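Reader: Hello! Could you take me through one part of this model closely, strand by strand and then on to a helix pair?

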Amino acid sequence: MALRKDFLWGGATAANQCEGGYKEGGRGLANVDVAPHGEDRFPVLAGKMKMFECDEKHYYPAHEAIDMYHNYKEDIKLFAEMGFKCYRLSIAWTRIFPTGEETTPNEEGLKFYEDLFDECLKYGIEPLVTICHFDVPMYLVEKYGAWRDRKLVDLYVKYCEAIFTRYKDKVKYWLTFNEINMILHLPFIGAGLYIEEGKNEEQIKYQAAHHQLVASALVTKLAREINPEFKIGCMLAAGNTYANTCNPLDVWKSMEKDRENYFFIDVQSRGEYPSYAIKELERNGINIVMEEDDKSILKDNTVDFISFSYYSSRLTSADPKVESQTEGNVFATLKNQYLDASEWGWQIDPLGLRITMNSLYDRYQKPLFIVENGLGAVDTPNESGYVSDDYRIDYLRAHIKAMIDAVELDGVDLLGYTPWGCIDLVSASTGEMKKRYGFIYVDKDNAGNGTLKRSKKKSFDWYKKVIESNGKNLA
Ligand code: BGP
């Protein structure tokens, strides 16, 4: 079995990391707008440092980002030139409902995405829409404490109703929440949660997660009512956790770590809280407040497909003395002696992608969609501005090979592949521009200087051939 004929090759971005125009078109302020670049970014994202408005001292990279708000036609044209069949993007909630509480949606926001989708469709590019990619209206953060309050469920459903109705003939594939498990690691960016000192952080996070899970199921139901052709997916920050040794204690620990993540998808795909999670929550004294219908809402409205991001596998040990930590997409992991790492310490493990795909497919038996993958690296343009990014090509080639193995050799059903940051954009974890993923270079630096000019990298022509040959030509 080869890749499907209609395999969705493409690329992925998120509104807060590429759009900019944060005050234009009637858009309201979101949590992503108050996340600064620099050393305060991490504590803000983690919900440990309160920053509810912008100040003069910090630089906020989301405000302008790469200004796709004004350049999307030019950018989509380049995607089309690469042969994209699919473009994953997110809608900024605050463009549609600036505070989250308006009764009618903001027409200018709706029109902006309508034009953008039309531009994609003009080239035969299928939009894949993330409904919520790390954004929450700041108004809701201040008034309700964001997703910790059940009120957010209704407001999110209202937002979805507006976009499902408006785009019902333009968009087929939807993802309800980006990396839904991020809430455990970076709660402010994952769910707008600022955790006041002395508060029970785990209780707040799991209650908020429950609200997101119920919201996700409710809009899955709504989506099917509005257009039965819609396909709804969940989205996991994936990457299997390996055990540091064959000591059963390490193996057990790695299983626990994986379950921390599977928990979310178990609910979204199988429709109920898994027994291991019920026990674990009980043991930790976490009491999730549920409404009467919640269980049936979750059970009756599971997702159609499983999407995920994959940058790396993870490694864990039960032995507290083992301390070789490295970075890894916000998920703390040990250094794996068998793997190389990126300049940011993210370990490179193409076979880990095949392993992860098999684990997810075994567990859920639903089609998968790889909606993020890629190498964040420093690019140095030559005198004429050209970037020869062979390191990026090497990374992608190895991962695409592993992905094709999972399909051809293991029989995994895979809908598509949209590598992350197909055009250079702002890094979510660090707020840098320097950490680039794109096939298209954007002239802008960490401090916000640059012409924003776009130019094709070497990987642009390479990926074009990969798509043209449906993955056969990886040379
Ligand atoms: C994921 C996010 C993306 C993206 C990516 C790369 O966690 O869904 O928004 O940014 O990681 O991470 P970074 O930008 O930190 O390199």
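Author: Gladly! Let me begin with a term: a residue is buried when its relative accessible area is under 20%, exposed when over 50%, and partly exposed in between, using a 1.4 Å probe and protein chains only. Strands (E, at least two residues) and helices (H or I, at least four) are DSSP runs numbered from the N terminus. This is a predicted model, in which local features need pLDDT of at least 70, side-chain atom pairs count only at pLDDT 80 or more, and totals for chains, interfaces and linings use all residues. Residues are numbered from 1 along each chain as its sequence is written, and side-chain values use heavy atoms, leaving out hydrogens and water.

Strand 7, residues 305–310, is mostly covered, with six of its six residues buried. F305, S307 and S309 point one way from the strand, I306, F308 and Y310 the other way, and all are buried.

Now its partners; strands pair if DSSP finds at least two bridges between them. Strand 5 (residues 231–238) pairs with strand 7 in the parallel sense over six bridges, and there L236 stands opposite F308. Strand 13 (residues 368–372) also runs parallel to strand 7, joined by four bridges, with L368 opposite I306.

On to the helices. Helix 3 (residues 68–82) packs with helix 5 (residues 107–122) at about 10°, their axes 10 Å apart; axes are lines fitted to C-alpha atoms over the stretch in contact, and angles run from 0 to 180 degrees between N-to-C directions. Helix 3 is therefore roughly parallel to helix 5, a label for angles under 35 degrees. Contact (heavy atoms within 4.5 Å) involves Y69, Y72, K73 and I76 of helix 3 and F112, D115, L116, E119 and C120 of helix 5.

Notes. Angles under 35 degrees count as roughly parallel, over 145 as roughly antiparallel, 65 to 115 as roughly perpendicular and the rest as oblique.
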